[in-house]
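My notes are set down in the order in which I looked.

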Amino acid sequence: MDRYLDTTRIGPMFLRRSEVASLVVAALQRGVVMGIYDLRAFVVMGNHVHVLFRPLGETSRALQWIKGTTAREANQLLARTGKPFWQRESYDHRVRDKRQMERIIAYIEDNPVKAGMAAVASDFPWSSAWREHGELKFAPAR
């Protein structure tokens, strides 16, 4: 499914717009500051987002906050207020151990490379792997 999402050329591609991708990244980071979750990894692709977080409360509330906040802000930016931005369903998965978490983080951060959007993960600016001038721009929770 992810391969399809990464290569499709049909459907909404709002997240390809840098201003929309940037507001999603900012919201994800704001959720950490607000104590909603610990953010482990993320990537904003053209038509979907991968996020790995540890909720500090109910998972459903964390997802509702992320989707609600980003939908409202993105729709305002795109002048589409009141229209659905995200699909109603989300794919969630419980991480069982450290090895699995490391695999998931690598999968998330390598997504733009596999999709041909970056040569290396650290070159993609809307990802937890992004580095600018050799400096890590996002510090994941430990």
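The entries below go from the hairpin to a loop serine, then to a helix and the aromatic rings.

**Basis.** I worked from a predicted model, in which local features need pLDDT of at least 70, side-chain atom pairs count only at pLDDT 80 or more, and totals for chains, interfaces and linings use all residues. Residues are numbered from 1 along each chain as its sequence is written, and side-chain values use heavy atoms, with hydrogens and water left out.

I took helices (H or I, at least four residues) and strands (E, at least two) as DSSP runs, numbered from the N terminus. Strand β1 (residues 37–44) has 8 of its 8 residues buried, so it is largely enclosed by the rest of the structure; buried means under 20% relative accessible area, exposed over 50%, and partly exposed in between, with a 1.4 Å probe and protein chains only. I found β1 paired with strand β2 (residues 49–55) in the antiparallel sense over 7 bridges, where pairing requires at least two DSSP bridges. The two strands form a hairpin with 4 residues between them, and phenylalanine 42 stands opposite valine 51 in β2.

**Serine 127.** I next looked up serine 127, in the loop between α4 (98–114) and β3 (131–132). Serine 127 counts as buried at 3% relative accessibility. Its side chain reaches the backbone oxygen of phenylalanine 42 at 3.5 Å. Beyond neighbours within four places in sequence, serine 127 is in contact (heavy atoms within 4.5 Å) with Phe42, Val43 and Glu109.

**Helix α3.** The buried residues of α3 include Trp65, Ile66 and Lys67, and the buried residues of this helix pack against α2 (18–33), β1 and β2. Just after α3, I noted that alanine 79 takes a positive phi of about 55°.

**Aromatic rings.** I counted 5 aromatic pairs; rings of Phe, Tyr and Trp (its six-membered ring) pair with centres within 6.5 Å, and planes under 30 degrees apart are stacked, over 60 edge-to-face, the rest tilted. Phenylalanine 14 and phenylalanine 85 are stacked, 5.7 Å centre to centre with 25° between the planes. Phenylalanine 14 lies in the loop between α1 (2–7) and α2, and phenylalanine 85 in the loop between α3 and α4, so the pair ties together parts 71 residues apart in sequence. Phenylalanine 14 is partly exposed at 25% relative accessibility, whereas phenylalanine 85 is buried at 14%. The rings of tyrosine 37 and phenylalanine 53 have centres 5.1 Å apart and planes at 40°, so that pair is tilted. I also recorded Phe14, Phe85 and Trp86 as one aromatic cluster.

Technical notes: A polar contact is a pair of N or O atoms within 3.5 Å; within protein, one must be able to donate a hydrogen and the other to accept it, and residues adjacent in sequence count only if both atoms are side-chain atoms.
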